[in-house]
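Subject: Structure handover

Hello,

Here is the structure you asked for, followed by what was found in it. Please read the notes with the model open.

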Amino acid sequence: MTEENIPQAQPEQPETPKKPVKPKKDPRAKLYKPETPLILASSPHFHTKDTVPRIMWNVVAALVPATVLALVYFQWAAVGIILTSVSSALIAEMLVNRVRGESFTIPDGSALITGLLLALTLPPSFSLGGTALGSVFAIVVGKHFFGGLGYNIFNPALLGRAFLQASFPVPMTTWTWPLTARYADVDGITAATPLGLFKFEGVTSELSGLLTGNISGSLGETSAIAILIGGIYLLIRKYADWRIPLSFLLSTFLVSGVFWLISPESYPSPVFQLFSGGLMLGAFFMATDMVTSPVTARGAWIFGAGAGFILVIIRLFGGLPEGVMYSILLMNAFTPLINRYTRPKFFGEIRA
Amino acid sequence: MSSTLSLKTEFIKGIWKENPVMASLLGLCPTLAVTNAANNGLAMGLATTFVLLSSSLMISALRNFIPHQVRIAGYIVIIATFVTVADRFLAAYFPVISASLGPYIPLIVVNCLILGRQEAFSSRNGIGRSLLDSLGMGIGFIIVLVVLGIIREILGSGSIFGIAILGDWFTPWMVMILPPGAFLTLGILIALANWYNDPSRSKERGTVS
């Protein structure tokens, strides 16, 4: 390289500052605002559009079919219980917000869901005062005593129901026929649920009734089809982990199938087990509660399988004909443990 | 070693500030198990207080004679003696209450509250001070048991001390006379007491505690 080349290149440089070249429009330019020269943010850097209200209102939408069928079958009884449960849940939420001095959390819809889910698990003849009590218990003790939404160990609606079950064991297990299925010459309107009929009288019910819900049972649990419609909507929108209902139902089917194969006379068929009682409602809407179920995929399988196993054991050998509530609550208690043991590896991690 | 508080404080501390149940969480087994009715709570509280007072008297009097190495065994023998007295006394004069409390009267002997007070206080202080301390602790224990019993009896049976006060419209919450009701009520009571004692709360009110 000769020395002449360098002076030749230099004269061009002073010209450029006089006529500043207009920089090309860089799409990133708007990020470099003078007042925010550098954006520093910790992870997460990617956000989904899902917010708590959005998820909750989708769950409410998914509960519409079951709620509508409850209204059709049980009419004014259902109206009273659902309205009482939802309104007392909302009022309790508002009061707790006030006492704790936090912003109002009613718009996020979680209290509405708790109230609605509780109502759907109650027998149609249950008293309105008891309904309100259970709903307030669910919100105050089940949710806010543990620190509010996201901190509760147990599903609040189920905890409310468990409180009612322990407080009022007789009204909580007194069932009535749907208004659409009452016969003129029947002397009473109370009727055992299909599970109760089998457990205490050895009578099996027909599958058609279990599917459409024209049977006795809790408000929202009688129709498997209505719950499946809402549940599958939730799975498609990915607001519920598909592994939990699948493993819950599968485990119930397999475990009860083993017993059924051993002795078909004394144990109900696995199909009957799947479609009776509160299993569908529990599997799709309560076991999948994001707060109280495991976060890992392996954990979800364990959660569902465990719940199904406990459910069949309670149904076949326990004192009560139905065990969905306790099976889910028990697995809720195991959830932190499951999360710990199914923690995924860090990238490149080698475990001893 | 020995306590230097004023005599009044010595007595008062067991009722609120060092309440055996609310502050130290001692004696939870009888607290949770027998408070399904106010009557039972009161009987258990009185029996425990009797045992506590008598053993404190005895142990503070004998504190220089009991060898340090075998003191726990010595305390337990003394406590068990008075528990037997209380047990036989209740069985003879209050057979109904004795029957409803069942094994929980003999079990007073393993109540941590009693052994705890002997180990922490009576073995190091004079008779007068020990009696004051035991009386305060005993009254604190009775208050908690009776309050717990009243709440659970009203909600679980609709009555107080066996007298029905709520009419037929009230459906008793059966859970309140079952073990979960005991845990729930005690938990809520302790939470309220902690909230009341919370120093940050008194700052908000502008007072310095």
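I start with one helix of chain A, H4(A), in which Ser110(A), Ala111(A), Leu112(A), Ile113(A), Thr114(A), Gly115(A), Leu116(A), Leu117(A), Leu118(A), Ala119(A) and Leu120(A) are buried. Please note that this is a predicted model. The helix spans residues 110-120 and is mostly covered, with 11 of its 11 residues buried. Its cover includes helices H3 (52-100), H5 (128-143), H6 (156-167) and H12 (279-286) of chain A.

Chain A as a whole

Chain A has 14 helices and zero strands. Its 352 residues include 44% that count as buried. Among contacts in chain A with a separation of 6 or more, 72% are between residues 24 or more positions apart.

As a general remark, nonpolar side chains in soluble globular proteins tend to be buried together.

For Ile328(A), leaving aside neighbours within four places in sequence, the contacts are Asn155(A), Leu158(A), Gly282(A), Met286(A), Ala287(A) and Ala307(A).

Helix packing in chain A

Which residues of H6(A) and H14(A) meet? Leu158(A), Arg161(A) and Ala162(A) are those on the H6(A) side, and Met325(A), Ile328(A) and Leu329(A) those on the H14(A) side. By class, the residues of this contact are five nonpolar, no polar and one charged. H14(A) covers residues 324-341, and the two helices pack at about 125 degrees with their axes 10 Å apart. Angles from 65 to 115 degrees count as roughly perpendicular and those over 145 as roughly antiparallel, and H6(A) and H14(A) are therefore oblique to each other. Their crossing is left-handed.

A second pair is H10 (residues 243-262) and H13 (residues 297-317) of chain A, which pack at an angle of about 40 degrees, their axes being 7 Å apart. That makes H10(A) oblique to H13(A) as well. The crossing of H10(A) and H13(A) is right-handed. On the H10(A) side the contact includes Phe248(A), Ser251(A), Thr252(A), Val255(A) and Phe259(A), and on the H13(A) side it includes Trp301(A), Gly304(A), Ala305(A), Gly308(A) and Val312(A). The residues of this contact divide into 15 nonpolar, six polar and one charged.

Positive phi

Most residues other than glycine have a negative phi. Two entries here have a positive one. Lys238(A) is not a glycine, and its phi is about 60 degrees. The residue sits in the loop between helix H9 (224-236) and H10 of chain A. Is Lys238(A) buried or exposed? Lys238(A) counts as exposed because it has 12 C-beta neighbours inside 10 Å, and 12 or fewer is the cut-off for that class.

In chain B, Leu25(B) has a positive phi near 55 degrees and is likewise a residue other than glycine. Leu25(B) is in the loop between helix H1 (7-12) and helix H2 (28-33) of chain B. With 14 other C-beta atoms within 10 Å, Leu25(B) is partly exposed.

Ile177(B) and the chain contact

Ile177(B) is placed in the loop between strand S2 (163-164) and helix H8 (179-197) of chain B. Ile177(B) has 17 C-beta neighbours inside 10 Å and so counts as partly exposed. Not counting residues up to four places away in sequence, Ile177(B) touches Asn36(B), Arg152(B), Gly156(B) and Ser157(B). One of these, Gly156(B), is 21 residues from Ile177(B) along the chain, and their C-alpha atoms are separated by 5.3 Å.

The contact between the chains takes six residues from chain B and six residues from chain A. On the chain B side, those residues are five nonpolar, one polar and no charged.

Regards

Technical notes
Residues are numbered from 1 along each chain as its sequence is written. Chains are lettered from A and ligands numbered from 1 in the order in which they are written. This is a predicted model: local features need pLDDT of at least 70, side-chain atom pairs count only at pLDDT 80 or more; totals for chains, interfaces and linings use all residues. Two residues are in contact if their C-beta atoms, placed from the backbone, lie within 7 Å. Ala, Val, Leu, Ile, Met, Phe, Trp, Tyr, Cys and Pro count as nonpolar, Asp, Glu, Lys and Arg as charged, and the others, Gly among them, as polar. Helices (H or I, at least four residues) and strands (E, at least two) are DSSP runs, numbered from the N terminus. A residue is buried if 20 or more other C-beta atoms lie within 10 Å of its own, exposed if 12 or fewer, and partly exposed in between; C-beta atoms are placed from the backbone. Axes are lines fitted to C-alpha atoms, for helices over the stretch in contact, and angles run from 0 to 180 degrees between N-to-C directions. Angles under 35 degrees count as roughly parallel, over 145 as roughly antiparallel, 65 to 115 as roughly perpendicular and the rest as oblique. A crossing is left-handed if the near helix is turned anticlockwise from the far one by less than a right angle, and right-handed if clockwise.
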